[in-house]
Amino acid sequence: MSSRKKSVVVIGGGPGGYESALVASQLGAQVTVIDRDGLGGAAVLTDCVPSKTLIATSDFLSRFEAAGRLGVGFDASQEDQHAHANLGQVNERIMKLAKAQSRDIQAQLESVGVRIRRGIGRIKGHGWVEAELDNGETEDIRADVILLATGTSPRIMDSAKPDGERILTWQHIYNLTEVPEKLIVVGSGVTGAELAHAYLGLGSDVTLVSSRDRVLPGQDADAATVIENVFRRRGMTVLNRSRAMAATREGEKVIVTLEDGRKVEGSHAILAVGSIPQTKGIGLEAAGVDLTESGHIVTDRVSRTTAQAIYAAGDCTGVYPLASVAAMQGRVAMHHALGDAVQPLNLRGVTANIFTDPEIATVGYSQTDIEEGKIEARTVTLPLSTNPRAKMRNITDGFVKLFAVPGSNTIVGGVVVAPQASELIYPIGMAVQNRLTVDQVANTFSVYPSMTGSIAEAARRLHSSDII
């Protein structure tokens with residue numbers, strides 16, 4: 001009987017890739033990660049970590065404007081009382097932070113014996129991967145198991161070609177040295193809404209171009225309405241039902257042309273019109289890996305593709321574009337591939353967050369699921385304006401919403417709209433994941449006063465509505 005360690009080759013170093021490598025190494029495999037851009041992938045280098053750092057900086061700046069409503073101000077004797085963002089310094093800090101995180105991930109992988117090859121990986125026949133290295137060399141690597149974690153890239157419109165200076169994607173914005181004077185954000189999904197919010201807080205005059213009836217069309221309608229109202233109140237121009245057809249540069253100006261012929265003029269434009277999977281040219285079709293019409297890799301609940309011993313994780317699968325889901329897919333894949341105990345991916349327990357201000361955090365079934373008859377559930381919505389801690393912090397926008405199944409009173413979903421909702425959704429996520437009832441949540445002590453008190457109060461109201 002052969003004592004050779006199983007060889008695992010991971011193509012792509014994002015959350016799905018590096019988390020799968022860590023698990024595979026822990027389970028005794030010989031692991032190689034082939035990565036082109038740096039460990040952590042787009043999530044660490046150009047997307048999640050940088051954008052959330054930019055948003056956090058914007059939010060910090062916004063606190064100065066809100067301070068007056070709390071009775072706090074600058075010393076009247078000071079000449080310069082205007083807080084402003086030095087975007088060059090902000091972006092320099094963001095990039096240093098991202099690169100440091102990437103180095104930490106690489107060091108962690110190397111500490112457990114993972115080999116890292118800088119370059120592009122392609123499947124080359126059954127059980128082999130070809131690595132085209134940055135130094136010009138080519139290396140063939142034996143692979144008992146292959147994990148694909150190749151991610152996505154920004155979708156580019158033929159009529160709106162980014163130039164990296166005035167017409168930008170989310171990959172370009174960290175090269176800016178000054179806050180855009182007049183920014184047009186094309187696309188009102190999660191990325192568009194987050195970046196529009198960030199630059200509004202940094203001082204840009206922002207116009208958000210949305211092709212749908214409201215911003216964040218895929219989110220809870222009540223939550224999206226709150227965000228859009230906040231955007232407008234803070235001075236953002238939101239153009240609903242306005243599909244962008246082109247973006248062109250004219251000297252120092254950018255002109256975005258809408259489908260109805262209207263033209264929007266700005267100093268810069270950010271294109272946030274979706275992403276495409278990076279699945280071309282890496283040998284998937286020849287290996288028998290099925291793709292969807294959009295080019296995403298087809299996987300099952302343990303991250304298997306349609307080809308033997310080939311798995312996939314992350315945004316390239318189209319399952320759920322979240323770093324947390326990518327990481328879980330990668331871990332599940334390696335547990336399954338290497339014979340360890342495995343629990344199939346359960347998307348109902350996924351918590352997600354949109355980093356606007358206020359934030360939108362969700363878990364489990366949604367209001368849309370209930371309205372479409374996918375599940376029967378009762379709903380309670382509790383405005384944060386009644387929460388004493390919210391009053392202390394001058395929080396006037398937001399709510400807690402819970403969904404529970406009649407009869408069993410099991411909590412099956414929830415929405416939180418609040419500052420740092422990402423920190424408040426966890427107890428609801430625990431309830432959904434562990435099938436807790438409204439009474440179990442309602443009878444759990446919460447600190448008074450606290451924002452989490454609204455979660456317990458919402459659960460108590462669900463109990464009351466059940467017995468009336």
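Serine 7 sits in strand β1, residues 7-11. Strands (E, at least two residues) and helices (H or I, at least four) are DSSP runs, numbered from the N terminus. This is a predicted model, in which local features need pLDDT of at least 70 and side-chain atom pairs count only at pLDDT 80 or more, while totals for chains, interfaces and linings use all residues. Residues are numbered from 1 along each chain as its sequence is written, and side-chain values use heavy atoms, leaving out hydrogens and water.

**Buried and exposed residues**

- Serine 7 is buried, with a relative accessible area of 7%. Buried means under 20% relative accessible area, exposed over 50%, and partly exposed in between (1.4 Å probe, protein chains only).
- The side chain of serine 7 reaches the backbone oxygen of arginine 142 at 2.5 Å.
- Methionine 157 lies in the loop between β7 (152-154) and β8 (167-168). Methionine 157 is buried too, at 13% relative accessible area.
- Methionine 157 and valine 273 are 116 residues apart in sequence. Their C-alpha atoms are 8.4 Å apart in space.
- Aspartate 134 belongs to the loop between β4 (128-133) and β5 (138-142). Aspartate 134 counts as exposed, at 54% relative accessibility.

- A pocket is an open set of points on a 1 Å grid over the protein atoms alone, where a 1.4 Å probe fits, with protein on both sides within 12 Å along at least five of seven lines.
- Of the 41 lining residues, the closest to the centre are Asp59, Ser62, Arg63, Arg234 and Asp357. A lining residue has an atom within 4 Å of a point.
- Helices α3 (48-67), α5 (190-202), α6 (221-233) and α11 (421-424) each supply at least two lining residues. Helix α3 gives the most, with 11.
- The lining has 17 nonpolar, 12 polar and 12 charged residues. Asp, Glu, Lys and Arg count as charged; Ala, Val, Leu, Ile, Met, Phe, Trp, Tyr, Cys and Pro as nonpolar; the others, Gly among them, as polar.

- Most residues other than glycine have a negative phi, and most peptide bonds are trans.
- A cis peptide bond joins aspartate 357 and proline 358, with omega about 0°. Proline 358 is in the loop between β18 (351-354) and β19 (359-364).
- Another cis peptide bond joins tyrosine 448 and proline 449, with omega about -5°.
- Arginine 241 has a positive phi of about 50°. Arginine 241 is exposed, with a relative accessible area of 58%.
- Glutamine 420 has a positive phi near 55°. Glutamine 420 is partly exposed, at 48% relative accessible area.

**Helix α12**

- In α12 (residues 426-433), Ile428, Gly429, Ala431 and Val432 are buried. They cover an arc of only 160° around the axis, which puts them on the same side of α12. The arc is that of the directions from the helix axis to the C-beta atoms.
- Arginine 435 follows α12 and has a positive phi, near 55°.

Note on methods: A polar contact is a pair of N or O atoms within 3.5 Å; within protein, one must be able to donate a hydrogen and the other to accept it, and residues adjacent in sequence count only if both atoms are side-chain atoms.
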